[in-house]
Amino acid sequence: MLKCTLNGREVEVKEGTTIIEAFYQNKIDIAHYCWHPGLSIAGVCRLCMVEIEGNPRLQIACNTVVTEGMKVNNQSAKVKEAVKWGLDFHLINHPLDCPICDQAGECGLQDQYMKYGQYDSEMAEAKQKKHKVVDLGPRVVLDSERCILCSRCVRFTDEVSKTNELGIFNRGDRAEIGTFNGKPLANKYSINTVDICPVGALTSKDFRFRQRVWFLKDAETVCTGCSTGCNVKVYYNREGLFRVKPVYNSEVNGHWMCDEGRDVYKFVNKESRLLDARVVSGVKSEHMTAFEAAKRVGEKLKGAGKTVGLVLTGSYTVEEYEAILSYFKTEVGTDRVFHWINNPESFEGFDGLLLRGDRNPNTRGLVQAMQKHGLTAQWKELTEALSTGSIQTLVVAGPENQVWFPDFKVKVAELSKATRLIWMTSGKSSALDELKGEVTLIPMKSYIEKSGTFVNHTGRAQTIRPVTSIVKGALSLTEVVTAFRGEALQGSEVVPGRSENEVGRGRIHNEFTLSRGTW
Amino acid sequence: MAESKYLTEHYGKPEYCTLDGYKKLGGYQVLEKALKMQPQQIIDEVKASGLRGRGGAGFATGVKWGFLPNNGEPRYLLCNADESEPGTFKDRLMMERAPHQLIEGMIISAFAIKAKKAYIYIRGEYTGPAAILEKAIAEAKAAGYLGKNILGSGFDLDLDLYIGAGAYICGEETGMISSLEGLKGQPKLKPPFPAVQGYLRKPTIVNNVETLAAVTYIIRDGAAGYRKYGTEKSAGTKLFSISGNVNKPGTYEVPLGYKLMDLINIECGGMKPGRKLKAVVPGGSSAPVITAEECERATLDYECLAQMGTMLGSGAIIVIDDSNCMVDVLSTITHFYHHESCGQCTPCREGTGWMEKIVHGIVHGEGKPGDIDLLLKIADQMKGRTICALSDAAALPVLSFVTKFRDEFEYFIREKKSKVRGGQIYAQMHA
């Protein structure tokens, strides 16, 4: 450990720590744009200027390593003047289009200006014109005039996604970010460039113009898009969820998340949800609350024995598995529980960065729960039982993310051979709507509306908490079991976010947490 | 004192640029001597000679060589022939008239620093010198001065010519390394310095053409012999490129410490008839300008010019007489740096353009009363704020021109015309 003094405060840092890291570790503000803890050092924005005792020239904090006894100051008049001018240089050619810019409200330029600037610009000359609305790829749009050329996005594609799509073309104040001919920004992690863009130059096609950020609340949760379980923040208001951003966790996802994981919120919003329960019997179809429908099902299930089968997907929490499995074993009296695996051929796949072939947040939790209850039934037994008619009532839970179950329609057709089908899911689907015979559809809560634990592919247990309520009356599996038993539900209060000890070690040890996403 | 033809002794002889002619005039004899010395002896000799980098920064060459780490990694020697500082054309002359002089200096230097691979990075516009060098390198290879086991010494050296694409910034040593690596010509963040991690992240020494050529002479005459020329702290001779309003512009070799006015009046034949000296930019366009009065006191060595707040730089002396409007001159200079900024660091990328626009506005009669102070503020904030020195190079002329010739700028802004040339517009002046 080394001792150094930051703004008069003596602190200890590990050897090899840069000055900017020392400032962050000690929660002292320091202006910067190009530096990002997950990327290499570029040293180009020249904002993180500090004064080091004994050195007449200001130094950049990001590329200067702390030495024993170093006295660093970023509050001196000289530094303040340099940062103020550094901002002015960034702003002279920057368009004043904040009112129509998506970044407004979470913009590095706005934030730093309020903290370190607050002057009147003396730039009276014509601004540099550059390309607007450049289509970089399927998910990202560039506005070159807003770009401050911090090169974070270029470094991301070079160092993290290793796809090298982006480059800086031309030089001087004519320089612009761009892609090479015929090679769009189309990697599976492209929206991370939008997250790390400190200004409104890169915007996500999915999110742009849809909501002003100050109308959104945010809460931390876990991505349910695959078995990695990236730590994320969801942004929402009364209308539903608008976007997902990664939250730093050194032990899970680092600073990043994949583009597909960002689509998970779409399965949660009302337009793709099953809104109430439906009981179909022949030509008769009746709508009712989920609780009522589950209660009726429960009356028939109790003690029905081995004529009942249960199909589970890896979409649910450990607590829900425990509730439903013990109910089926002891109160229904069946051990015919089957694990529905999505895309078996790519199930073990991994793209080398974050995305896994197992598109379930809790496969491991399900497997553990089934082992605990001694449930070993294989899928082919279900196929046989359905054709011989030895299973008459089939209860299915999930999947929650239907798009990543390519065999969804095939499975619906296969499972509908059961005399009575009870299907519990949060998502609506035409395949389910078209089912004939005796069918009960029960709307489930999404991961945004319930609490519980997911066990990711490494065996790491991660807690989720209810963020907001989207479909009133939807149930978790635990609540379904309560309804099966005919017991009353206890009102669950929605408390957004997760407490520090629920989040786990990797998160707490994050040295670079800022108030907002991965900034 | 007068012109000293030391490095340029045989430059008048056309045969000097062929291998045979060069050898007849004593070429490659020093190499034979050097290869029998210990590499460290050569480094010590260069250190003792007081040779300083001739590219512009004036850093002690022997000291630079001493920074190489002893970690067993391959080392590279790069010759910086990207002579791009406006006003400089001495390396061009050296490569055209004496390509083997450079090659011999490079072999000796590579032997001293134990590099087995060397490159000459030449600017793209120098097609003529590049062709001459190509031929000379081929001759040297055929004669066994390059390649394996040079002159039976066991020392191997491979030398290649690399032609740049013509960017000012590739004359900055790390910008040059980026370019040589096939990347965009942008300076690299320091530390690490090239001596530790340079070309391909291996220990690398980058020296100017004139510096490397001088090494041969230091080994030939010894440090003491070399020190016969120049001053205590600025040893040796230096080639100066004189351009502007003198009767005989060109490249002249004089010992360091030579009087600036002597160079103008004796070597260059004085000012054009009827004209008076107004100012001199002594070290390439990035060097702060000095007034005629300061010129009287100026001697051409690193110390004197540094004391006057300017620099010797690459030895490019731009002589400006009283027919020139200083606002025009600065307009050209600011345009150049705006055009050449690599765009990496914000203060330089944005500041160079901003300053050009302001000066351009003044020249076009659109100057505003606050412009002069604003220019000074911008330039001041660009100084010492960036990865490389281009930002300083752009800021220093602005600071010096505006400070020393403030009346011309004020007049232009107030009267909407030049104090020197009247109402004629800039474009007509330079048509």
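A residue is called buried if 20 or more other C-beta atoms lie within 10 Å of its own, exposed if 12 or fewer do, and partly exposed in between, with the C-beta atoms placed from the backbone. The views below show a predicted model, in which local features need pLDDT of at least 70 and side-chain atom pairs count only at pLDDT 80 or more, while totals for chains, interfaces and linings use all residues. Residues are numbered from 1 along each chain as its sequence is written, and chains are lettered from A and ligands numbered from 1 in the order in which they are written.

**View 1. Chain A as a whole.** Of the 519 residues in chain A, 48% are buried. Chain A holds 14 helices and 22 strands, these being DSSP runs numbered from the N terminus (helices H or I, at least four residues; strands E, at least two).

**View 2. The bent helix H9 of chain B.** Helix H9(B), residues 209–226, spans only 17 Å between its end C-alpha atoms, whereas a straight helix of 18 residues would span 26 Å at 1.5 Å a residue, the expected span being 1.5 Å times one less than the number of residues. H9(B) bends by about 85 degrees at B:Arg220, where the bend is the angle between axes fitted to the seven residues ending there and the seven starting there. Among the buried residues of H9(B) are B:Val209, B:Ile219 and B:Tyr226.

View 3. S8(A), residues 166–169, and S9(A), residues 176–179, pair in the antiparallel sense over four bridges, pairing being counted if DSSP finds at least two bridges between two strands. A:Leu166 has A:Thr179 as its bridge partner in S9(A). Six residues lie between the two strands of this hairpin, and A:Asn170 in the turn has a positive phi of about 65 degrees.
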